[in-house]
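Biologist: I am new to this structure. Could you take me through some side chains, one question at a time?

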Amino acid sequence: MLKWGIIGPGKISRKFCQDLIKVDGMTISAVASRSVDRADKFAQEFNIPNKYDTYTQLAQSPHVDVVYIGTPHTFHKDHSILCLTNKKHVLCEKPIAVNTSELQAMIACAQENNCFLMEAIWTKFLPSFKKMQQLISQEVIGEIKMIQADFGFAGSYDPNSRLYNPKLAGGSLLDVGIYPLFLSHSLLGTPATIHALGNISPTGVDASAAIILKYESGALACLNSSLEADTPIEATIGGTKGFIKMHSRWHESRKITLHHKNETIDSWEFHDEFLGYKYEIEEVGKCIQKGKVESDRLTHHFSLNLMRTMDEIRRQIEVRYPMEQ
Ligand SMILES: NC(=O)c1ccc[n+]([C@@H]2O[C@H](COP(=O)([O-])OP(=O)(O)OC[C@H]3O[C@@H](n4cnc5c(N)ncnc54)[C@H](OP(=O)(O)O)[C@@H]3O)[C@@H](O)[C@H]2O)c1
């Protein structure tokens, strides 16, 4: 049994654990919160035997092999390093760090301690994403020329919320824009040219961002993210022989359709009892069993390139966080 510890029992940790308790070979052994009450409540909900009211206690716990970090972005670096230096493997929520220099320090720490580290971009491991990548490698849509992907929702404006607070690295790009960027990086690699515009909230973070990427191959990607507009949350990958649509919400897609040039359509649906985190959990388990420090499917290099693109977009839209001043 691989023994998991959970740091930061918030919204996403709760969803993650709903899958984790159902995955073979995995057990949730410990949870840590800054509050004893929150740790108790979470431990009760998921029947977790060990609970701590500091993250350090969990990082040092003999009951833990691998830690899931579900705290806000600005703590990912310190919490990952805390766990890695205590010889714990780490699955860290996206974005894995706030910027490239933070991520470089995390990767160096994973390597020094010979521990596994991966960014929790769960989309990468979903059956729908795998199918889409398979169709593309079979050249069913020919050469990719255009990717369109969005992730927006109209939330209420609260300057103190995680999403709008610059001290917690708020903004649409790092929170949801990372998904469209992940898609284009997965299919086309590192862009040659990046153009971005943002709508900046009174707190100084991007309420919306619109991004155009151009690749050496001539392919383009039009991507956007928003905390202030409802958007379809769809992705289309357009090629010289047709296109693939990942249906809403595409980052957790349960349906993809393939539109051939002759206007015929094939479609695939993916349904199971899991929310979708199961597949990244299984990947973590396999990698740890093999003694790896990174996944071949979601490498450190990939996360670094993605982070570099986000750094450049933030430079262009002039979003700089207090800890970067
Ligand atoms: N993969 C996905 O689908 C997905 C979805 C949503 C979010 N996320 C990512 O997961 C991370 C957390 O998001 P969330 O929506 O779950 O956040 P959240 O509900 O606010 O939970 C974050 C948790 O972190 C802990 N924390 C530690 N220091 C904190 C601080 N100074 N302020 C606030 N919380 C602090 C809190 O737990 P205690 O105080 O109890 O320790 C809190 O419950 C973000 O990086 C986000 O991008 C991923």
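Biologist: How many aromatic pairs does a search of the whole structure find?

Modeller: First, a caution: this is a predicted model. Rings count as a pair if their centres lie within 6.5 Å. Searching the whole structure on that basis gives a total of nine.

Biologist: How are the rings of Phe16 and Tyr68 arranged: stacked or edge-to-face?

Modeller: A pair of aromatic rings is described by the distance of the centres and the angle of the planes. For Phe16 and Tyr68 the centres are 3.8 Å apart and the planes are at 5 degrees. Planes under 30 degrees apart meet the cut-off, so this pair is stacked.

Biologist: How many residues apart are Phe16 and Tyr68?

Modeller: Phe16 belongs to helix H1 (residues 11-20), and Tyr68 to strand E4 (residues 66-69). Both residues are buried. Their pair links distant parts of the chain, 52 residues apart.

Biologist: Which residues do ring pairs link into a cluster?

Modeller: Phe16 and Tyr68 are both in the cluster. Ring pairs connect them with others.

Biologist: Which side chain of opposite charge is nearest to Lys88?

Modeller: Lys88 is in the loop between helix H4 (76-85) and strand E5 (89-92). Lys88 is buried and has no salt bridge. A salt bridge needs the atoms within 4 Å, but the nearest side chain of opposite charge is 7.3 Å away. That side chain is Asp65.

Biologist: Is Asn113 buried or exposed?

Modeller: Asn113 is in helix H5 (residues 100-113). Its side chain reaches the backbone oxygen of Cys109 at 2.9 Å. The relative accessibility of Asn113 is 13%, and the cut-off is under 20%. So Asn113 counts as buried.

Biologist: With which side chain does the side chain of Asp272 make a polar contact?

Modeller: Asp272 lies in the loop between strand E14 (265-269) and helix H8 (278-289). At 33% relative accessibility, Asp272 is partly exposed. Its side chain reaches the backbone nitrogen of Phe274 at 2.9 Å. The polar contact with a side chain, at 2.3 Å, is with Tyr279.

Biologist: How many salt bridges does the structure hold?

Modeller: Side chains of opposite charge can pair when their charged atoms come close. The cut-off used here is 4 Å. The structure's total is 15.

Biologist: Which residue forms a salt bridge with Glu45?

Modeller: Glu45 is in helix H2 (residues 36-46), and its partner is in helix H1, 31 residues apart. Glu45 is partly exposed, at 41%. The closest N and O atoms are 3.0 Å apart, and the partner is Arg14.

Biologist: How far apart are the closest N and O atoms of Lys51 and Asp40?

Modeller: Lys51 is in strand E3 (residues 50-52) and Asp40 in helix H2, so the pair ties together parts eleven residues apart in sequence. Lys51 is partly exposed at 45%, as is Asp40 at 30%. The closest N and O atoms in this salt bridge are separated by 3.3 Å.

Conventions. Residues numbered from 1 in each chain as written. Predicted model: local features only at pLDDT ≥ 70, side-chain atom pairs only at ≥ 80, totals over all residues. Heavy atoms only, no water. Helix = DSSP H or I, 4+ residues; strand = E, 2+ residues; numbered from the N terminus. Buried < 20%, exposed > 50% of the residue type's maximum accessible area, 1.4 Å probe, protein only. Lys, Arg positive; Asp, Glu negative; His and termini not counted. Phe/Tyr/Trp six-rings, centres within 6.5 Å; stacked < 30°, edge-to-face > 60°. Polar contact = N/O pair within 3.5 Å; in protein donor to acceptor, adjacent residues only side chain to side chain.
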